[in-house]
Amino acid sequence: MQKLALDHLQAFIEIAQQQSFSQAAKALNTSQPSLSRKLKQLEKSLGVTLIDRYHRPLKLTPAGQFFYDKISAVLTEIDTISQMTRRMVSPNHALNIGFVPSVLYGLLPEVIAVLKQSCPDLEVTLNDISSYQQIAALKSGDIDIGFGRFFHHDPWICQILLRHERYVAALSKQHPLASNPAPLSLKDLTNNRLILYHQTPLPAPNSLQADAEVFAADEFESEPLLHIFANYGLTPMATTKVSDLQIALGLVAANEGVTLVPQALQSLRPEQICYRKLIHEAVTSPIYLHTLKDAPHPAVHQLLQAVYHVYEQRGITYRPQKFV
Ligand code: BEZ
């Protein structure tokens, strides 16, 4: 087998993406004949045709499609490793934290204040970024730590479950249920309009799990709040989808519907909104700390200690995790 370089793989990926030799040559700042030669060498070494040259625009053969899917994942990994390696020799003394809005409205400001007491010289920056985007941002070095609410399977990422936070129901003070202080059941809420505000669907259950646990794709409810209702066999009579939590609470304040929010948010809009406990202990939202498995930022340990310190001050129960 002929010796291949990263160059050959990059040439193939670019041709596949651009569907054109001339566009790919332009993107890689090289000549068309050189690109075409690299593709031929790659095909010769594999013994397969990867690109159907008679098709316009250029098209991958079935073998080419397979190779593209596998090799582009490998190249992304190589890119991640290269970026991490470069960062090892130029450590960043600032700590860039990614967070989802619901943790900012909750305990994040207190956690940062405690961290700054123990590391007064540490420069901290905060970036509003969704749970899923935090994974790519950790790999690219845009953030060092992420606080999110979804679990991710990723070989590069270490996830520490900080705690499960209970959801509460948010109702307008004008709502008929607002006058009764007893905890509510989800069933009490189903004849209301439910305001949905999550931007990211829940990941579908892994299809490789034991058969008994596999949901048919159309049975799985991926909208996070509807998923909670579906777990109790319930469906709200109507829903409205909005772009963020603050807008959802605005609609609740206007008595346009009800929603569920993590408990730490119950200080928002207290003049218009009443927050009611739910009877279901299992209706919770997890909070995760995400970081890179290899070479995490040195301040991660202090940050985890700051989180636990805040939990202890507030009497929040948690299970301490070791960062390995
Ligand atoms: C929490 O609410 O548990 C939390 C919020 C922000 C950072 C860490 C923990």
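A: In this predicted model, the largest pocket has a lining of 36 residues, and those that lie nearest its centre are Arg-149, Phe-150, His-198, Leu-202 and Pro-224. The space that lies in this pocket comes to about 930 Å³. Several elements take part in the lining, for at least two residues each are supplied by helix α5 (101-104), strand β6 (157-172), helix α9 (224-231) and strand β11 (284-292). Sorted by class, the residues that line the largest pocket are 19 nonpolar, 14 polar and three charged.

When the whole structure is searched, one cavity of 30 Å³ or more is found, and the volume of the largest cavity is about 150 Å³. Its lining is made up of 15 residues, with Val-103, Leu-107, Leu-108, Ile-287 and Tyr-311 lying nearest the centre of the cavity. Two or more residues of that lining are given by each of α5, α6 (108-118), β6 and α11 (300-314), and the largest share, three residues, is that of β6. Both α5 and β6 are also among the elements that each supply at least two residues to the lining of the largest pocket. In terms of class, the lining of the largest cavity holds ten nonpolar, two polar and three charged residues.

One is Asn-127, a residue of strand β4 (residues 124-128), which counts as partly exposed because its relative accessibility is 28%, a value between the 20% and 50% limits. If neighbours within four places in sequence are left aside, Asn-127 is in contact with Asn-96, Ile-97, Gly-98, Phe-99 and Ile-143. Between the C-alpha atoms of Asn-127 and Gly-146, which stand 19 residues apart along the chain, the separation is 9.1 Å.

The other place is a pair of helices, α2 (residues 21-28) and α3 (residues 32-46), whose axes come within 9 Å and cross at roughly 105 degrees. Since angles of 65 to 115 degrees count as roughly perpendicular, α2 is therefore roughly perpendicular to α3. On the side of α2 the contact is made by Phe-21, Ser-22, Ala-24, Ala-25 and Leu-28, and on the side of α3 by Gln-32, Leu-35, Ser-36 and Leu-39. Divided by class, the residues of this contact are six nonpolar and three polar, with no charged residue.

Technical notes
Residues numbered from 1 in each chain as written. Predicted model: local features only at pLDDT ≥ 70, side-chain atom pairs only at ≥ 80, totals over all residues. Heavy atoms only, no water. Axes fitted to C-alpha atoms, helices over the stretch in contact; angles between N-to-C directions. Helix = DSSP H or I, 4+ residues; strand = E, 2+ residues; numbered from the N terminus. Parallel < 35°, antiparallel > 145°, perpendicular 65-115°, else oblique. Contact = heavy atoms within 4.5 Å. Nonpolar A, V, L, I, M, F, W, Y, C, P; charged D, E, K, R; others polar. 1 Å grid on protein atoms, 1.4 Å probe; cavity = no way out; pocket = protein on both sides within 12 Å on 5 of 7 lines; lining within 4 Å. Points joined across faces, edges and corners; volume = space filled by probe spheres on them. Buried < 20%, exposed > 50% of the residue type's maximum accessible area, 1.4 Å probe, protein only.
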